[in-house]
Amino acid sequence: MIEETGKIIKSLSGFYYILLENGDIITSRARGNFRNNNITPLVGDIVNVKIEDDSIGYITTIKERDNELLRPKVANIDYNVIVTSVKDPDFSSKLLDKMVVLAEYSSVPSIIIFTKLDLLSDEYLKKFNSIMDYYKEIGYVVLTNSSEDIAKFKTIVSNKFISISGQSGSGKSTFINNLSNGVLNIETAKISKALGRGKHTTRHTEFHKIDDFYIADTPGFSSLDITFIYKEDIKYLFKEFSATNCKYQTCNHIDEPSCQIKIELENDCNKYFDRYENYKNMFNEKKEQKRRY
Ligand SMILES: Nc1nc2c(ncn2[C@@H]2O[C@H](COP(=O)(O)OP(=O)(O)OP(=O)(O)O)[C@@H](O)[C@H]2O)c(=O)[nH]1
Ligand SMILES: [Mg+2]
Ligand SMILES: [Zn+2]
């Protein structure tokens, strides 16, 4: 019996697929003690695995995680790619900001990819260019799925482990297929025109190796729950708020008098785009939930 170290690159039907240091991939199960400790191995985890015969391994230890993303559930990620379609399914700035907030919560840097710009008229294209510029301004990498941007993307993610998140049907698997230059052929599906949303085509999380990086395709979602985040903490997950000096250090930028963020909004109603509204909604969503119980 030998023990080796490796990284979980896929989880499916109770099996974990572990990439060993020598490049081999071994199929494993987790030992029961993880369940007792309430720890579930995640894709991205570095684990020790005991190989009892040639075919099946058992995960014995999970190494401490550098980070843990909650949606998708992955560990030890260098970047999370947020895929957001501008149409089919319709663009939702609320959902985009929730995804951005979730990645900030786990301290994972985001790369935002806008897809389906080809479906827009020139007028709407202009609108999305200014949205993209805003996210760039506040410090995010923002790209599209054009071949030019794919080349840029590849220089950023060289040698990294990255995950992808986004609404079902937003084009995550298509983006990964495009990155691979036709080598990968992950299943994709047209969105349901009747419902205006995707069909949850991808059902498990799996890293794919492309060039010199690994990217994990993940199941999409239709909505995101972030109400587990303490509402007073949400403001720290909006990058641009920390650049604005409020009078009070603990200001939530909601009802406080002489809040600098609200003053700046009064002077320029386009400041913070929809992000301030999205922030308020996240803050109040939480408040209402608390009241209900
Ligand atoms: N017109 C257009 N269609 C696209 C683009 N990107 C993806 N699509 C289409 O959108 C549909 C959904 O794409 P998928 O890649 O399956 O979406 P997904 O995000 O992986 O969806 P789930 O696996 O359900 O989460 C497919 O029919 C794609 O061909 C794009 O940039 N433009
Ligand atoms: Mg998919
Ligand atoms: Zn304030």
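Buried, as I use the word, means under 20% relative accessible area, exposed means over 50%, and partly exposed is in between, with a 1.4 Å probe and protein chains only. Tyrosine 272, at a relative accessible area of 2%, is therefore buried. This is a predicted model, in which local features need pLDDT of at least 70 and side-chain atom pairs count only at pLDDT 80 or more, while totals for chains, interfaces and linings use all residues. Residues are numbered from 1 along each chain as its sequence is written, chains are lettered from A and ligands numbered from 1 in the order in which they are written, and side-chain values use heavy atoms, with hydrogens and water left out.

I start with the metal. Which residues coordinate the magnesium ion, ligand 2? They are Ser173, through OG, and Thr202, through OG1, at 2.1 Å. Serine 173 belongs to helix H5 (residues 172-179), and threonine 202 to the loop between H5 and strand E12 (205-210), so the pair links distant parts of the chain, 29 residues apart. Helices (H or I, at least four residues) and strands (E, at least two) are DSSP runs, numbered from the N terminus. Donors are N, O and S atoms within 2.8 Å of the metal, or 3.2 Å for Na, K and Ca; water is not among the atoms, so sites may look incomplete. Serine 173 is buried at 7%, and threonine 202 is buried at 15%.

Next, the rings. Rings of Phe, Tyr and Trp (its six-membered ring) pair if their centres lie within 6.5 Å; planes under 30 degrees apart count as stacked, over 60 as edge-to-face, and the rest as tilted. That rule gives 17 aromatic pairs. One of them is phenylalanine 91 with phenylalanine 128, edge-to-face, at 5.0 Å centre to centre and 90° between the planes. Phenylalanine 91 counts as buried at 18% relative accessibility, and phenylalanine 128 counts as buried at 3%.

Another edge-to-face pair is phenylalanine 241 with tyrosine 272, their ring centres 5.7 Å apart and their planes at 85°. Here too the pair links distant parts of the chain, 31 residues apart: phenylalanine 241 is in the loop between strand E13 (213-217) and helix H6 (260-267), and tyrosine 272 is in the loop between H6 and helix H7 (275-292). Phenylalanine 241 is buried, with a relative accessible area of 3%. Both residues belong to one aromatic cluster, made up of Phe238, Phe241, Tyr272, Tyr276, Tyr279 and Phe283.

Two rings also have a charge over them, meaning that NZ of Lys or CZ of Arg is within 6 Å of the ring centre and within 35 degrees of the ring normal. Lysine 7 lies over the face of phenylalanine 161, 4.2 Å from the ring centre. Arginine 29 has its charged end over the ring of phenylalanine 15, at 4.1 Å from the centre.

On a 1 Å grid over the protein atoms alone, a cavity is a set of points where a 1.4 Å probe fits but cannot get out; a pocket is an open set with protein on both sides within 12 Å along at least five of seven lines, and lining residues have an atom within 4 Å of a point. Grid points are joined across faces, edges and corners, and a volume is the space filled by probe spheres set on the points.

How many cavities of 30 Å³ or more does the structure hold? There is one. The largest cavity has about 40 Å³ of space, and its lining consists of Val83, Thr84, Ser85, Ser92, Leu95, Leu96, Met99 and Gln167. E8 and H2 are the elements that give two or more residues to that lining. By class it has four nonpolar, four polar and no charged residues. For these classes, Ala, Val, Leu, Ile, Met, Phe, Trp, Tyr, Cys and Pro are nonpolar, Asp, Glu, Lys and Arg are charged, and the others, Gly among them, are polar.

The largest pocket has a volume of about 460 Å³. It is lined by 26 residues, and the closest to its centre are Lys116, Gly169, Gly171, Thr174 and Ala189. H5 gives the most to this lining, three residues. The lining divides into three nonpolar, 15 polar and eight charged residues.
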